[in-house]
Amino acid sequence: MGKSQNHCRLILTSFPFILFLCAFVFLNQVRVDNLLKFGKFMPIQLYNNNSSTTPGLLSTNEGEIRILLGILTLADQYKRRHFLRLIYGTQPRVTGAKIDVKFVFCNLTKEDQKVLVALEIMMYNDIIILNCTENMDKGKTYTYFSSLPTLFDTELTPPYHYVAKADDDTYFRLEALVDSLRPLPRDDLYYGYVIPCSSKDPFNRYMSGMGYFVSWDIVEWIKDSEIPKKHMEGPEDMVFGEWMMEGKRGMNRFNAKWSMYNYPEPRTQCTHELWPETIAVHLLKTQEKWIKTLQFFNVTHNIKSSKLYHI
């Protein structure tokens, strides 16, 4: 009888502890399940910039300057995009600035694109796919700018102070870019490298397609105005300048020459030697030109020492 009572007493005293263990296991299982579900929907950020920002999740820091660097490229240019992610992702963060780098192209047309581009989006979330047929000078730039007010319909006004259309063979030094844009007006602005190359008058003709910036109000004007809709074909940078001229827009116009220029070789009226005051270098058509440019600006100077490698 004594042994039976001891067993009953042991069971009764152990019961609360058993309940506690069950509850602890249950709660931790719920926590793990929730984290797994959460992780399915969160973009993974593996490189050091803000280009994985999703529309609707823009920063709410009103004191910062917000810039969208839209790089127009082609869906099949996988290697170029991965290379540019290295270029922009390793640049130091710019204090007081939010710079989103996005790769922009038209509708996917191949089965492999639908897999590979989808994987890029899942990993980096830095791609904009426009509803258009791929082209260079038949309206792609119009589709890009006119789509942005809908794509970035957020509570933050404006979503970006400045929006760029840039080529994928242009190298932007982000800190120099921000320093150049920060003191400028945030309305009716048209900024870039003025064409013709011999001119320094920003009202002469138009800004080179290497990379030009406009303020957000001009982006909205492009969406709503009939002027761009009636004239979309032709060299895209020249056509854009004609929109500005006909619509009397971009009256705050700034020429960034010679902080923006074409790569020094082969020498033309549009080239300039690499120099410390650079904002952008254009026509980096070969790996050799990219490497020489990156070496000049000593982009790997802050690599950390480690026993794992020697360079």
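Is W290 buried or exposed? W290 is buried, with a relative accessible area of 1% (buried means under 20% relative accessible area, exposed over 50%, partly exposed in between, with a 1.4 Å probe and protein chains only). The model is predicted: local features need pLDDT of at least 70, side-chain atom pairs count only at pLDDT 80 or more, and totals for chains, interfaces and linings use all residues. Residues are numbered from 1 along each chain as its sequence is written, and side-chain values use heavy atoms, with hydrogens and water left out.

**View 1. The aromatic pair of Y171 and W290.** The structure holds 16 aromatic pairs (rings of Phe, Tyr and Trp, the last by its six-membered ring, with centres within 6.5 Å; planes under 30 degrees apart are stacked, over 60 edge-to-face, the rest tilted). Y171 and W290 are edge-to-face, at 6.0 Å centre to centre and 70 degrees between the planes. Y171 belongs to strand 5 (residues 171-172) and W290 to helix 9 (residues 287-296), so the pair ties together parts 119 residues apart in sequence (helices, H or I of at least four residues, and strands, E of at least two, are DSSP runs numbered from the N terminus). Y171 is buried as well, at 4%.

**View 2. The aromatic pair of Y190 and F240.** The ring centres lie 5.6 Å apart with planes at 45 degrees, so this pair is tilted. Y190 is in strand 6 (residues 189-192) and F240 in helix 8 (residues 236-246). Y190 is buried at 0% relative accessible area, and F240 is buried at 0%.

**View 3. A cluster of rings.** Ring pairs link Y142, Y144, F145, Y190, Y212, F240 and W243.
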